[in-house]
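Thanks for coming, everyone. Let me put the structure up, and then I'll walk you through a few places in it.

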Amino acid sequence: MSQTIVKIGMGSCGIAAGARPVEAKLRTLLEGHPEIEIRKVGCIGLCFQEPLVEVEMDGKSTMYGHVTEESVEDIVKEHVLGGKRLDQALVLDSDGSGMENPRMDKQVRIVLRNCGIIDPEKIDEYIEREGYDALKKVVSSMTSEQVYTEVLDSGLRGRGGAGFPTGLKWKFANLSKGDEKYVVCNADEGDPGAFMDRSVLEGDPHAIIEGMAICGYAIGANHGIIYCRAEYPLAIKNLNIAIEQAKERGFLGDDIMGSGFSFDLKIKEGAGAFVCGEETALIASIEGKRGMPRPRPPFPAQSGVFGKPTNINNVETYANVAWIIRNGSKEFSKYGIGKSRGTKVFALAGKIAKGGLVEVPMGMPIREVIYDIGGGIPDGKEFKAVQMGGPSGGCIPKELLDTPVDYESINATGAIMGSGGMVVMDEGTCMIDVARFFLSFVQNESCGKCPFCRIGTKRMLEILDRITKGEGKESDIDLLLELCHQIKDGSLCGLGQTAPNPVLTTIKYFKDEYMAHIVDHRCPATVCPSLIHYVIDPEKCIGCTKCAKNCPVDAISGEIKKPHVIDDTICIRCGKCKVSCPVGAISVE
Amino acid sequence: MSSTTTASSNELSQRLDPIVQRYQGKKGITIPLLADIQKEYGYVAEEAVTYVSKKMDISASEMFGVATFYAMFRLQPEGKYVIRICRGTACHVQGSASVAEEVARHLGIEEGETTEDGIFTLQHVACLGCCSLAPVMMVGDNVHGLLTPPKSIEILEDYRKKG
Ligand SMILES: Cc1cc2nc3c(=O)[nH]c(=O)nc-3n(C[C@H](O)[C@H](O)[C@H](O)COP(=O)(O)O)c2cc1C
Ligand code: SF4
Ligand code: SF4
Ligand code: SF4
Ligand code: FES
């Protein structure tokens, strides 16, 4: 009989959803059963079902969702000890009967091959799944040129935003002369709404280490640096453990597997500045300076960290590498369309029923990602837009839902693939508010070097502020467009150059909504505080006083059992009254 | 020199010399150096920066330049629990603004401030990477998701009870 393993998803999303008490309970319940292994794994991507517990026995695996301290008792009693599968909350089953099986079957897992499956703290589990085989193959039987050519042939392009061919980048770094070279992993993941890098760092840190070591071999570098944001404490912890174990086993350090190739790896913690994701700013930050971008050339491949040739790639990019080397470039490029090969991991969030991480072949239509895999929009609401590419990207409207997810097609909409965050918006999202949100973000994060980026975005923000207050003018749209083009042209780095994109796409696809704010002083999504009013329907109100008790600013008055009224001049539009009314008498206009 | 300054420079050297030793002669260390000062003092204390900058031959203005550039560094002491409310995109469309407002109102402080009893410091952050559970906040090292304004207050009151 094979061993029984109980896995619990303990990525930071799992923990946020309450996995810790479930784990504690699990351990108490299984105290007298040393033959049953409890395994802490990373995030498998089904974030909306967390906490997740998976039972593996007799070659079968069953995963349960929304597990609580109470329900884990049943799972242990009935299934783990009793051998009887439970039908409630069954999420995935190896026989294909779980409710999320169809969702998982539509995916192709290259980057996420180990996430949610192995314990990231145990190198043996990585090795069992052919981990470090690619590194072994590279150092023992391939030349540097063969390695970067294989990566080039696979068609892998950078997953951090711009989509530059990875093999080509490696080739340039290889050809660059230098006694010392650096391999840097960009794990800053500054894009709000994106979390795929976090999940890979937490759930499969060895995949990054292996990818970076292979890159080091390909370009002739002996030093690696992972620049990871400090907001990801679990990722940093798991990376540190993984690096230690890889050193002990000789996958890092001097003379790796007797090949003569040496590679060391360090972690640098970011300190919370979005602009540090930009390559030249990242280099400055690694050097301990303020993270200010500088003009290129010289490119990092010529002059990077401490002036040495440096190759910078994103987390997901490195996570693909070992798989490509093991399975060959052809196997990889089988997936995808046009110049976009392989798969892409997307982080689904916002107004979507099944938020989480998914990995799909490039070229899948957005509609399929959002509806078939993401479960569509919750609460019977209507889809309005999906935001891709974060502050550098844009909003893709309903009419373009059939756009395939590949670099060129997404660019053609005015958005960008970016790092893979998809924030879904429904009819209750105001697009002007979204545009304003992104501008205030870049305004906060601008390093301040370029006047267009620093002052131009501020002007734009002021205009958008005015529009959301109902004080916009029709000429504002042209003024915004003009500023957009000036900021694009006049900024030094990608942050400023792309900052106008959210505004441009919302004007392009949602001009009606701008006009409603400007001409009719109306916010169709009922979001903008200055343009909405909370009102009580005197016919429906039963005078229960609940709303008045909940109002933080005492804007509601009325006698008990008599209709209440809201004083609009006092109301701060917090919406508390609306949710507290038992009869639905309060609405927003 | 008065005895008090001698005592305090003694204290400075006791607390800071180990940090100085850790980084002496290494390159690119300003950020971890500041991080260690912050760990020792709970914030980037001015006298500590002045002391270290002299010992390490990095100008104090450069150190403050770096400290003020990054969101991670604080020039004031912070409360026992740091509340980081996510103001990222996913959290924004799921209503994090009203969570942030309610928390600020409840604690009687603005973003960046610390409550008078020294228990809570309120910060906004760009994204905590748990977007599928939006809106999200982090208290200390713990992430709490699927917040509503009342739920966030309940959570904070639990921390306050723990003291
Ligand atoms: C303002 C700004 C922020 C960025 N943030 C990130 C980031 O958080 N992570 C990342 O991998 N790339 C980020 N990039 C892109 C990087 O500069 C760089 O192109 C990328 O790390 C290269 O890796 P790749 O070729 O594997 O995509 C950012 C770019 C800009 C302009
Ligand atoms: S575009 Fe903005 S962030 Fe980039 S260098 Fe200029 S001011 Fe700094
Ligand atoms: S929206 Fe908020 S402030 Fe306005 S009346 Fe309702 S509870 Fe009071
Ligand atoms: S909560 Fe609803 S029913 Fe009760 S007083 Fe307010 S509006 Fe009337
Ligand atoms: S947007 Fe809030 S956790 Fe990502």
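**A walk through the model**

Start with chain B: seven helices and four strands. Helices (H or I, at least four residues) and strands (E, at least two) are DSSP runs, numbered from the N terminus. Before going on, some ground rules: this is a predicted model, where local features need pLDDT of at least 70, side-chain atom pairs count only at pLDDT 80 or more, and totals for chains, interfaces and linings use all residues. Residues are numbered from 1 along each chain as its sequence is written, chains are lettered from A and ligands numbered from 1 in the order in which they are written, and side-chain values use heavy atoms, with hydrogens and water left out.

Back to chain B. From the N terminus, its elements run α-α-α-α-β-α-α-β-β-β-α. Its C-alpha atoms fill a box of roughly 55 × 35 × 20 Å along the principal axes. The chain has 163 residues, and 52% of them are buried. Buried means under 20% relative accessible area, exposed over 50%, and partly exposed in between, with a 1.4 Å probe and protein chains only. Contact means heavy atoms within 4.5 Å. Take the contacts in chain B between residues at least 6 apart in sequence: 61% join residues at least 24 apart.

Now one residue in that chain. Phe120(B) is in strand E2, residues 120-125. Is Phe120(B) buried or exposed? Buried, because its relative accessibility is 0%. What does Phe120(B) touch? Leaving out residues up to four places away in sequence, the list includes Tyr81(B), Ile83(B), Leu107(B), Ile109(B), Leu156(B) and Tyr159(B). Val139(B) is 19 residues from Phe120(B) in sequence, and their C-alpha atoms are 9.1 Å apart.

Over to chain A, and helix H12, residues 279-286. Eight of its eight residues are buried. Among them are Leu282(A), Ile283(A) and Ile286(A), but also Glu279(A). What covers the buried residues of H12(A)? The cover includes helix H8 and strands E6, E7, E8 and E9 of chain A, together with helix H2 of chain B. After H12(A) comes Gly288(A), with a positive phi near 90°.

Next, Asp476(A), in helix H19, residues 475-490. Asp476(A) counts as buried because its relative accessibility is 1%. Its side chain makes a polar contact of 2.6 Å with the side chain of Arg466(A). A polar contact is a pair of N or O atoms within 3.5 Å; within protein, one must be able to donate a hydrogen and the other to accept it, and residues adjacent in sequence count only if both atoms are side-chain atoms. Not counting residues up to four places away, Asp476(A) touches Ile463(A), Arg466(A) and Ile467(A).

For contrast, look at the loop between H8 and E6 of chain A, where Lys177(A) sits. Lys177(A) counts as exposed because its relative accessibility is 76%. Lys308(A) is 131 residues away in sequence, yet the two C-alpha atoms are 9.0 Å apart.

Some backbone details now. Most residues other than glycine have a negative phi, and most peptide bonds are trans. The bond from Glu50(A) to Pro51(A) is cis, with omega near -5°. Pro51(A) is in the loop between strands E2 and E3 of chain A. The bond from Pro297(A) to Pro298(A) is also cis, with omega near 0°. Pro298(A) lies in the loop between H12 and E9 of chain A. Asp379(A) has a positive phi, near 60°.

Then the ligands. Near means that a heavy atom of the residue lies within 4 Å. Ligand 4 has 13 residues around it, and Cys541(A), Cys544(A), Thr545(A), Cys547(A) and Cys581(A) come nearest. Ligand 2 has 13 as well, with Cys447(A), Lys449(A), Cys450(A), Cys453(A) and Cys493(A) nearest. For ligand 3, the nearest of 13 are Cys551(A), Cys571(A), Cys574(A), Gly575(A) and Cys577(A).

How many does a search of the whole structure find? Zero, over all chains. A disulfide here is a pair of cysteine sulfur atoms within 2.5 Å. Cys13(A) is buried, at a relative accessible area of 0%.
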